[in-house]
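Please read it beside the sequence and the coordinates.

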Amino acid sequence: MEAELTDPNTATYFFKNEEGEVVGFLKLSWKDTQTEPDYPDAMELQYIYLRVKYQGHHLGRQVMDFAMQEAKKSGVPRVWLGGVGT
């Protein structure tokens, strides 16, 4: 877990509510840390999770918008949704 969190080709973000409770997280991967080797110039949105009690509150859209902003900052030409079946 530590190696994954400190790898320069991944970024993990934890989202908190007003009380500081973690309500979800997002993991982005680039280059050889992606789960598929077919997209070396892309960013993988590898994981996106929200706690059940926070689902249905439009937080998923905010997390997805955040991921797309990070992709734009990194200059990758495309983003793909991974994590299915991994």
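## Aromatic pairs

At 22% relative accessibility, F66 counts as partly exposed, a class that lies between buried, under 20% relative accessible area, and exposed, over 50%, with a 1.4 Å probe and protein chains only. The model is a predicted one, in which local features need pLDDT of at least 70, side-chain atom pairs count only at pLDDT 80 or more, and totals for chains, interfaces and linings use all residues. Residues are numbered from 1 along each chain as its sequence is written, and side-chain values use heavy atoms, with hydrogens and water left out.

A search of the whole structure finds six aromatic pairs, where rings of Phe, Tyr and Trp (its six-membered ring) pair if their centres lie within 6.5 Å, and planes under 30 degrees apart count as stacked, over 60 as edge-to-face and the rest as tilted. The rings of F66 and Y13 have centres 4.8 Å apart and planes at 80°, so this pair is edge-to-face. It links distant parts of the chain, with Y13 in strand β1 and F66 in helix α2, 53 residues apart; helices (H or I, at least four residues) and strands (E, at least two) are DSSP runs, numbered from the N terminus. Y13 counts as partly exposed at 23% relative accessibility.

F14 and F25 form a tilted aromatic pair, 5.9 Å centre to centre with 35° between the planes. Because F14 lies in strand β1 and F25 in strand β2, this pair ties together parts that are 11 residues apart in sequence. F25 counts as partly exposed at 27% relative accessibility, and F14, F25, Y47 and Y49 form one aromatic cluster.

## Nonpolar core

In soluble globular proteins, nonpolar side chains tend to be buried together. Here the largest nonpolar core has 14 residues, and those with the most contacts inside it are L26, L28, W30 and M43; such a core is a set of buried Ala, Val, Leu, Ile, Met, Phe, Trp, Tyr and Cys residues joined through side-chain atoms within 4.5 Å. At least two residues of this core come from each of β1 (10-16), β2 (22-30), β3 (43-50) and α2 (59-74), with the largest share, four residues, supplied by β2. When neighbours within four places in sequence are left aside, L28 is in contact (heavy atoms within 4.5 Å) with residues including Y13, M43, L45 and A67.

## Largest pocket

The largest pocket has a volume of about 160 Å³. On a 1 Å grid over the protein atoms alone, a pocket is an open set of points where a 1.4 Å probe fits, with protein on both sides within 12 Å along at least five of seven lines, and lining residues have an atom within 4 Å of a point. Grid points are joined across faces, edges and corners, and the volume is the space filled by probe spheres set on the points.

This pocket is lined by F15, K16, N17, V23, Y54, L59, Q62, V63 and F66. The largest share of the lining, four residues, comes from α2, while β1 and α2 each supply at least two residues.
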